[in-house]
Amino acid sequence: LETKEMRIEKASDDSFLKLNYGQKGLYISVYDEPLLEKVFEAVKARKLSGIDTWGVEQDLFMLTRSARIPLQKYLDAIQNYFLAAEYPANEGIIGHLIWLHTMTYGSNQFEKVRQVMEKFANKIMANLGFEARPSDTPIDKSLRSNALLCLGLSGNVHAVEFAKKQFEKELSGRQIDKDLKSKIYELAAWYGDGRTFEKMKNKYINIKEAEPDESIRLLRALAFFRDKELVRKAFGLAVSKYVRLQDKYVIPAYSTYNPESFRFLVEWTFTNWQKLKQQYPEGTMMLSRFVANLSMLKSKKDLERVSAFFSKKENLRDDIKMEVKKTIERIKANIAFAKANGI
């Protein structure tokens with residue numbers, strides 16, 4: 001298979017196909033459909049290594065992300081050719097599907113994304129199982145954890161019930177798989193109510209100082225509640241005396257996975273900005289994290305608000321100038337993506 005832009009040739013060990021891009025570094029969208037179809041068939045037949053499959057999928061997602069190809073084309077490719085993708089491609093796809101889940105939430109494209117999420121994550125969990133195995137590698141453990149979150153966010157009943165039962169088991173003092181704890185907490189919050197919130201909050205407040213990993217898990221999970229009153233409480237906790245200065249970024253950062261929290265995120269950031277500037281001087285390099293949180297916004301109104309806010313001298317600082325530029329560019333890209341796909 002050859003074109004002026006790209007050549008596909010067999011590796012010396014004949015075990016996979018190697019992709020060689022041309023000098024212009026062109027994306028796969030420049031290839032004609034027959035060639036693209038053959039690349040996808042090679043992926044499906046597992047003739048490409050995990051790394052090469054990862055490269056193809058990364059290109060495909062970035063074309064979708066930049067609104068150069070429609071979302072439907074990406075979703076079709078994932079479910080028709082990439083279901084058996086190996087590491088690191090499968091891990092990357094999970095991350096991309098979760099991003100799409102957040103970006104399309106509440107739109108007419110959401111159900112399409114949800115269905116592909118469930119199908120892809122279900123395939124992984126069918127191979128790995130929900131329970132840890134003695135033969136598990138670090139990759140298996142990471143993949144199971146991320147696939148569980150993906151499957152749970154898609155609304156899969158088995159995954160949701162598993163997460164809820166495991167969370168109650170943890171609260172009762174019984175041990176659960178530590179490699180799944182973060183995702184179990186996050187799913188428990190995503191489907192939780194006020195009672196769940198209070199249990200999680202109290203567990204965080206009463207945690208021992210010797211358990212920093214557990215405290216971060218709980219803070220991350222508290223950002224996943226969807227009820228607006230619980231979202232408000234989570235952001236209130238973020239600036240309370242119970243959260244250490246070095247951990248105050250956690251709830252705002254992980255709220256970017258929760259579309260129900262975006263309005264609170266913007267208001268919280270702008271309201272607390274001057275205080276954050278004082279708490280995190282230039283040498284800490286922490287303030288840029290709070291700027292980057294705004295990167296998931298996707299409306300022209302949001303773009304105008306963010307641009308206007310950081311155009312004021314009192315809100316800008318040398319150490320965040322580059323992050324402000326990046327965030328504004330990401331919002332513009334989100335707007336283009338949403339417009340191209342009717343979101």
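Modeller: The largest nonpolar core has 100 residues, and Phe82, Leu97 and Leu100 are the ones that touch the most other members. A nonpolar core here is a set of buried Ala, Val, Leu, Ile, Met, Phe, Trp, Tyr and Cys residues joined through side-chain atoms within 4.5 Å, where buried means under 20% relative accessible area, exposed means over 50%, and partly exposed lies in between, with a 1.4 Å probe and protein chains only. The model is a predicted one, in which local features need pLDDT of at least 70 and side-chain atom pairs count only at pLDDT 80 or more, while totals for chains, interfaces and linings use all residues. Residues are numbered from 1 along each chain as its sequence is written, and side-chain values use heavy atoms, with hydrogens and water left out.

Not counting residues up to four places away in sequence, Phe82 touches Phe40, Val43, Thr53, Val56, Glu57, Leu60, Ala77, Ile93 and Phe120, contact being defined as heavy atoms within 4.5 Å.

Helix 4 itself has 16 residues and reaches 22 Å from its first C-alpha to its last, close to the 22 Å expected at 1.5 Å a residue, the expected span being 1.5 Å times one less than the number of residues. Of those 16 residues, 15 are buried, and helix 4 is thus mostly covered. Just after helix 4, Gly106 takes a positive phi of about 80°.

With 19 residues, helix 5 reaches 27 Å from first to last C-alpha, close to the 27 Å expected for it. Its buried residues are Phe110, Val113, Arg114, Val116, Met117, Phe120, Ala121, Ile124, Met125 and Leu128, and the buried residues of helix 5 pack against helix 3, helix 4 and helix 6. For reading such a list, an α-helix has 3.6 residues a turn, so residues three or four places apart point the same way. Lys119, also in helix 5 (residues 110–128), is partly exposed at 41% relative accessibility, and apart from its neighbours within four places in sequence it is in contact with Gln79 and Leu83.

Asn156 belongs to the loop between helix 6 (138–153) and helix 7 (157–171), yet it counts as buried at 10% relative accessibility. Its contacts, leaving aside neighbours within four places in sequence, are Glu118, Asn122 and Leu151.

Two residues other than glycine have a positive phi in loops. Arg46, with phi of about 60°, sits in the loop between helix 1 (33–44) and helix 2 (50–65) and is partly exposed, with a relative accessible area of 46%. Met285, with phi near 60°, lies in the loop between helix 13 (262–279) and helix 14 (287–292) and is exposed at 53%.

For aromatic rings, those of Phe, Tyr and Trp (its six-membered ring) pair if their centres lie within 6.5 Å, with planes under 30 degrees apart counted as stacked, over 60 as edge-to-face and the rest as tilted. This rule gives 19 aromatic pairs. Phe309 and Phe310 form an edge-to-face pair, at 5.0 Å centre to centre and 90° between the planes, and both Phe309 and Phe310 are buried. Phe61, Tyr74, Trp99 and Phe337 make up one aromatic cluster.

On the scale of the whole protein, the secondary structure comes to 16 helices and 2 strands. The radius of gyration is 22 Å, close to the 20 Å that the globule rule gives for 343 residues, so the protein is as compact as a globular protein of that length; the radius is taken over C-alpha atoms, and the rule is 2.2 Å times the number of residues to the power 0.38. Of the 343 residues, 50% count as buried, and among contacts between residues at least 6 apart in sequence, 68% join residues at least 24 apart.

Conventions:
Helices (H or I, at least four residues) and strands (E, at least two) are DSSP runs, numbered from the N terminus.
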